[in-house]
Amino acid sequence: MKSLKIVFLGTPEFAKTSLEAIHQSRHEVVGVVTVADKASGRGQKINQSAVKVFAVENNLPVFQPEKLRNPEFLEELRKLDADVFVVVAFRMMPKVLFEMPKMGTFNLHASLLPDYRGAAPINYAVINGEEKTGATTFFINEKIDEGNILLQEEIPVLENENAGHLHDRLMEMGSKLVVKTLDGLAENSITERPQPQVEHPKNAYKIFKEDTRIDWSRTSKEVHQFILGMSPYPAAFTTLKIGEEEKGLKIYGGKFEISNHGKTVGSLEISKNDFKIYTKDGVYYPLELQLEGKKRMNIKDFLNGFRNFDEIKMV
């Protein structure tokens, strides 16, 4: 069976799992491209990407260019004479790079394309209450996530599943799909096909801080799915007023019930044993949360941290 020479491009844990799967397959990883090391946190500790850590541990050549059009970097990659470039959770690539390998460059995307093109497909699949999602391998072209599909596989989204859990399942499934795609390309058994023409494909735009604010005027189910879709990262939040101080409150999970409550939407009732927030058609009960300046905790520990509940209001 034919073995392909691969250059792998990726950064986070999601990508590392695919790199590991390729490394354990019959194909040969001749180079790994990842983000430059960067200092972060209080001590400005130098952090390496998950992909780099794996590559170094397994003696794979690593490239960390600041600019992907750097002529010296491009020349180094050309010398590797790779058959295929594989991209997982990387960044926008110039044409001069993705057109370099003779068989092309393919990407793994965590959705059933053409739906959920963009930076946050897993989050939006949960937020929108999808019953299924999946992963797609496709050839990269100049338009974001619009190239010809190679392989596609679907999985159900589980009830009450958050984005973090779904991420981990798609990470494992996607790594197998990457190897299956490489095998198919090596054996010339995959027929690439254009993405279906959909008038209004669902989008997965990049999520910014303000996008994570909870809108309590939505239905209880929508609020619940939104919180699950943002959990554990970037985390949905609301704002409490405690006395005269406003503090952000991240909510990671909870439960809801439908009821005709007649209360002001977005108002709360809080006591030693209960914390409920009124939605358009019911009540949401946060069960796992984190007050600004505190650690993440369950609802019991959270409520135990207050003496006077009368001074707590929703902003």
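Residue numbers start at 1 along each chain as its sequence is written, and side-chain values use heavy atoms, with hydrogens and water left out. Because the model is predicted, local features need pLDDT of at least 70 and side-chain atom pairs count only at pLDDT 80 or more, while totals for chains, interfaces and linings use all residues.

**Stop 1: the largest pocket**

Select Ala-89, Phe-90, Gly-118, Ala-119 and Ala-120, which of the 43 lining residues lie nearest the centre of the largest pocket. A pocket here is an open set of points on a 1 Å grid over the protein atoms alone, where a 1.4 Å probe fits, with protein on both sides within 12 Å along at least five of seven lines, and a lining residue has an atom within 4 Å of a point. The volume of the largest pocket is about 1400 Å³, taken as the space filled by probe spheres set on the points, which are joined across faces, edges and corners. Strand 6 (84-88), strand 7 (105-109), helix 5 (121-127) and helix 6 (163-186) are the elements that each give two or more residues to its lining; helices (H or I, at least four residues) and strands (E, at least two) are DSSP runs, numbered from the N terminus. Coloured by class, this lining shows 26 nonpolar, nine polar and eight charged residues, where Ala, Val, Leu, Ile, Met, Phe, Trp, Tyr, Cys and Pro count as nonpolar, Asp, Glu, Lys and Arg as charged, and the others, Gly among them, as polar.

**Stop 2: the second largest pocket**

Next select the lining of the second largest pocket, which includes Tyr-124, Asp-211, Arg-213, Arg-218, Glu-222 and Phe-226. About 250 Å³ of space lies in this pocket, and its lining has six nonpolar, one polar and five charged residues. The largest share of that lining, three residues, is given by helix 7.

**Stop 3: helix 7**

Now show helix 7 (220-229), where eight of the ten residues are buried, so that the helix is largely enclosed by the rest of the structure. Buried means under 20% relative accessible area, with exposed over 50% and partly exposed in between (1.4 Å probe, protein chains only). Among the buried residues are Ser-220, Val-223, His-224 and Phe-226, and the cover over the buried set includes helix 5, helix 6, strand 10 (236-242), strand 11 (245-258) and strand 14 (282-291).

**Stop 4: Ala-163**

Ala-163 lies in helix 6 and is buried, with a relative accessible area of 6%. Leaving out residues up to four places away in sequence, Ala-163 touches Ile-122, Asn-123, Val-126, Leu-228, Gly-229 and Ser-231, a contact being heavy atoms within 4.5 Å. A distance drawn from Ala-163 to Lys-79, C-alpha to C-alpha, comes to 40 Å, for residues 84 apart in sequence.

**Stop 5: helix 1 against helix 6**

Finally, select helix 1 (residues 13-23), whose axis comes within 8 Å of that of helix 6 and crosses it at roughly 35°; axes are lines fitted to C-alpha atoms, for helices over the stretch in contact, and angles run from 0 to 180 degrees between N-to-C directions. Residues of this contact include Phe-14, Thr-17 and Ala-21 of helix 1 and Leu-170, Gly-174 and Val-178 of helix 6, and the contact divides into eight nonpolar, five polar and two charged residues. Eight of the eleven residues of helix 1 are buried. Lys-16, in helix 1, is one of them, with a relative accessible area of 18%, and beyond its neighbours within four places in sequence Lys-16 is in contact with Ala-50, Val-51 and Phe-54.
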